[in-house]
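The tour goes stop by stop.

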Amino acid sequence: MSLPPLTVAVLFAPPRWPAGLRVLGFVLAFAVVTVAMGAPLTARRASVRLANGLLGAALPAPVDTMGRHWVNRLRTSVWLVPHMALGGVVTAISCSAAFGVVAFPSVWLGGEERMAVFGLSLRIGEGWRGAWALLPAVGCLALAVAVTLGGAAVLRPLAPVFLGHRPGERLAAAEAQMNLLAQRNRLAQELHDSIGHTLTASTIQAAVAAELMSTDPAGARRALNSIEETSRAAMDDLDHVLEMLREERPSTSPRSTLADLGPLVEGVRGTGAELAVEVRGDLARVPATVSREAYRVVQEGLTNALRHGGKAGIRLRTTVRDGWLEVELTNPVGAGTPGRQRPGGHGVRGIEDRVRLLRGETHAGVVDTDGGDAEEARWRLMVRIPLRSVS
């Protein structure tokens, strides 16, 4: 690493110049080339990887803020100076020591009686009398190891100073981690909604198919076909989520919106459920983001209705008016429903999270009928999302 700046520095310090000018040219040229070597973000990344691998520094990966924080460029360049200087010293001493490790035994085993070391003439001796040559060979080996470990010990405390995160980088790294966690939570919610709905619908359709197998083979066949279709759609959703979690190129297939309520409703009805649907207003006016999240809300609500309330008397109403999208879903309260389908459940909590991100409102709970009969009580999910929430 020190060869480029040293080569340029020597070229800018020709012998014919005065001594003071030569020193100035050497220093300036060395500084300019070193700064240029440390300027790219790849140089900082490589320095961090080397420091972690060779020094055990455990430094975090650099954050891509080099275009805004020129200080990091300069810090990387400053880090290169002791790295190159100490690295040159360690390399020179280690190579000399490695030569000694080989030279002393070679001279002894070759039958030579004398060898020259740093201008000194040493008498080796023949036979077992020259076995002492192994001692300096071991000493050279120990010197190489000591110099390498010493160089690492000197550089290790300097690495965090020049390569560690500054406050701005720590903040950017924290924001990136928060965004990653938010993305993973969103994907987990997508997976929960899609797979949960598919499993619930498939379980009910399988039960219907078993009941109709002997009395209505055509109806049983329709139920099985519905299971196949919903399972295939769920597999597509699962592949999409897994690709994103693995940081692969995500699928380009569009996510479902309120325009896709038809297949969802038919799938629910295919389980034998009585589902009444009412649409008021133009769903085409609903922005894409709101429409996608509203579809997931309806999907989760229908899943909960099938799971906890039975298959009779499910009502879905979507309304677009006065700048709001309203989704109301009601179903009879089944046995044990008040304790299971509650605002604190995973499904309702996921709906609340989606709606909250769009600055909407969610109300869920048991409502009494006009007669006050507990057997006729209904579970009601009411969601209101402003259409302007995507702006």
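## Stop 1: strand β7

Select β7. Seven of its nine residues are buried, so the strand is largely enclosed by the rest of the structure. Buried means under 20% relative accessible area, exposed means over 50%, and partly exposed is in between (1.4 Å probe, protein chains only). Strand and helix labels are DSSP runs, numbered from the N terminus: helices are H or I with at least four residues, strands are E with at least two.

This is a predicted model, in which local features need pLDDT of at least 70, side-chain atom pairs count only at pLDDT 80 or more, and totals for chains, interfaces and linings use all residues. Residues are numbered from 1 along each chain as its sequence is written, and side-chain values use heavy atoms, with hydrogens and water left out.

Strand β5 runs antiparallel to β7, joined by nine bridges. Strands count as paired if DSSP finds at least two bridges between them.

## Stop 2: the whole sheet

Show five strands together. They form an open sheet in the order β3-β4-β5-β7-β6, with mixed pairing.

β3 pairs with β4 (residues 314-321) in the parallel sense, over six bridges. Select E278 and find its bridge partner in β4, R317.

## Stop 3

Most residues other than glycine have a negative phi. Two places to check follow.

- Select D322, in the loop between β4 and β5. Its phi is positive, about 50°, although it is not a glycine. D322 counts as exposed, at 73% relative accessibility.
- Select A58, in the loop between α3 (41-55) and α4. A58 is not a glycine either, yet has a positive phi of about 55°. At 67% relative accessibility, A58 is exposed.

## Stop 3: the end of α4

Follow α4 (residues 70-109) to L109. Is L109 buried or exposed? L109 is exposed, with a relative accessible area of 65%. Draw a distance from its C-alpha to that of A133: the separation is 9.6 Å, for residues 24 apart along the chain.

## Stop 4: a nonpolar patch

Select L6, V10, V23, F26 and V27. They make a nonpolar surface patch of about 400 Å². α1 (3-11) and α2 (19-38) are the elements that give two or more residues to it. The largest share, three residues, comes from α2. End on V27, which is in helix α2 and is partly exposed at 47% relative accessible area.

Technical notes:
Patch = residues over 30% accessible without salt bridge, like charges linked within 9 Å, V, L, I, M, F, W, Y side chains within 5 Å. Areas by Shrake-Rupley, 256 points an atom, 1.4 Å probe, with all protein chains shown as cover. Salt bridge = Lys/Arg side-chain N within 4 Å of Asp/Glu carboxyl O.
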